[in-house]
Amino acid sequence: MLKYQRNFNAAGGISCLCLLLLTFSLINPFANLPASAIEEASQADSEQSFVSSSIEIEFLPVTSPSPITPTTPEGVSAQATVRSNIGIKNSGGYSIYLGGSGELVGQKTGATISGTPSPSTLKNLPSNTWGYSVITEENLPSDTTYKALSAGQGDLLASQNTSVREANHTFTLGFATKIGVDRPADTYEGKFVLSVISSPRELVTLSDLDTLQQMTSKICENTTPGTEVELVDERDGQTYPITKFAKDNNCWITRNLDYALDPNTPLTSKLSDVSATWTPPATVLTGSPSNFNNSSNDLVASYRSTDNVAYGTYYSWGAATAGTGNASFVSGSTDASVCPRGWTLPTHAQYSAIFTGMSSGNELIATPYNFKYGGRISNGSLDYLGGGGYYWSSTVNDVTTAFIVPFDPGVIWPSGVTSRFNGCSVRCVAR
């Protein structure tokens, strides 16, 4: 904010105050379109995935001079300085502009103060003109050059045409004016717009992702085999390692799923591998394996051992398939699971593509697969912990059993099955 004041002697009887107002605002071209709509529109057009940008702008006034009193036609100069911090996240490319008023306009008289006709230092500004300067350093030097603001969108302050997860810019904005005695008493106002235009960040490969729920089949297809990343499950904040296996060319979560089912937290298609909202029954809230001592083919149960957290959560087949693997499902593979959105419970065929050619479980527990000898829950107790691994597939065998991948240090059974009400581990593969 710049102020100048003109004082006359008593005979003149006039005392006036002039004020230069600097008003900043943000222009966001996506402000009226929900982020989800932007993502969905982009994906529908190109089968590509995007994450919407977010922008934060902060202004910190640095200097605001005292009122000034012109005494000559040439006028008296004044400055104001504002520090601007700009944070940009998930951008596919952005531009930062400073635009706005070309003239300062008197709010009562309509008189104007024009932009300086040529770049000038504060000392050399023509009378009744104003200008601005932008630097990245904290303090404006004494020989700062001020210029007029360009018409239209304004002047480009910074830009980047490649994707970036996070970018930060800090600018010192300097405004200066020289006002003479010939200006009428008035309040002169100019509005200045700092605009940030950012496109959504495209998600191309695994390395571009931050969360499991951003996964798509196209992203896995674009990823080089052997790529390893860590991604967050948006449902509970847990971090999981991800690898694209060269053997089957699929992307896998290489840690046992450890998501805690809760009747108070329904699984939705936004975050989970379900097409319709599914509310787990109260039977998932068990503090011991004893709840698996049930011969129902519809059993939905889960158990997590606090003493053996490395093995993840054990699920009945009804729980692993998010309720779709009930007693009436007797052929094929289910199309829903407890996995995050973008991932699913592997079919028996997908597991077979991994262990074909292997002779023992020791090959499965090695890098890059990292399966576990986590045992299984049967007849209400956790058995074979540390000695065998048991993983659910999404493929049903008959009315009472489903296919699993059982293995121990000596052998892998290619077509193992177990009762649906037993508790086994879960791995997830990209859809």
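D233 and R235 are both buried (buried means under 20% relative accessible area, exposed over 50%, and partly exposed in between, with a 1.4 Å probe and protein chains only). These two residues form a salt bridge in which the closest N and O atoms are 3.0 Å apart; the term stands for a side-chain nitrogen of Lys or Arg within 4 Å of a carboxyl oxygen of Asp or Glu. The model is predicted, so local features need pLDDT of at least 70 and side-chain atom pairs count only at pLDDT 80 or more, while totals for chains, interfaces and linings use all residues. Residues are numbered from 1 along each chain as its sequence is written, and side-chain values use heavy atoms, with hydrogens and water left out.

Across the whole structure, the search finds seven salt bridges. One of them pairs D273 with R431, with 2.8 Å between the closest N and O atoms. This pair links distant parts of the chain, 158 residues apart: D273 sits in the loop between β16 (251–253) and β17 (302–304), and R431 in the segment after β26 (429–430). Strands here are DSSP runs (E, at least two residues), as are helices (H or I, at least four), numbered from the N terminus. D273 is buried, at a relative accessible area of 5%, whereas R431 is partly exposed at 39%.

Salt bridges with shared partners also join R165, R201 and D210 into one network. Within this group, the side chains of R201 and D210 meet at 3.1 Å, N to O. R201 is buried, with 2% relative accessibility, and D210 is partly exposed, with a relative accessible area of 30%.
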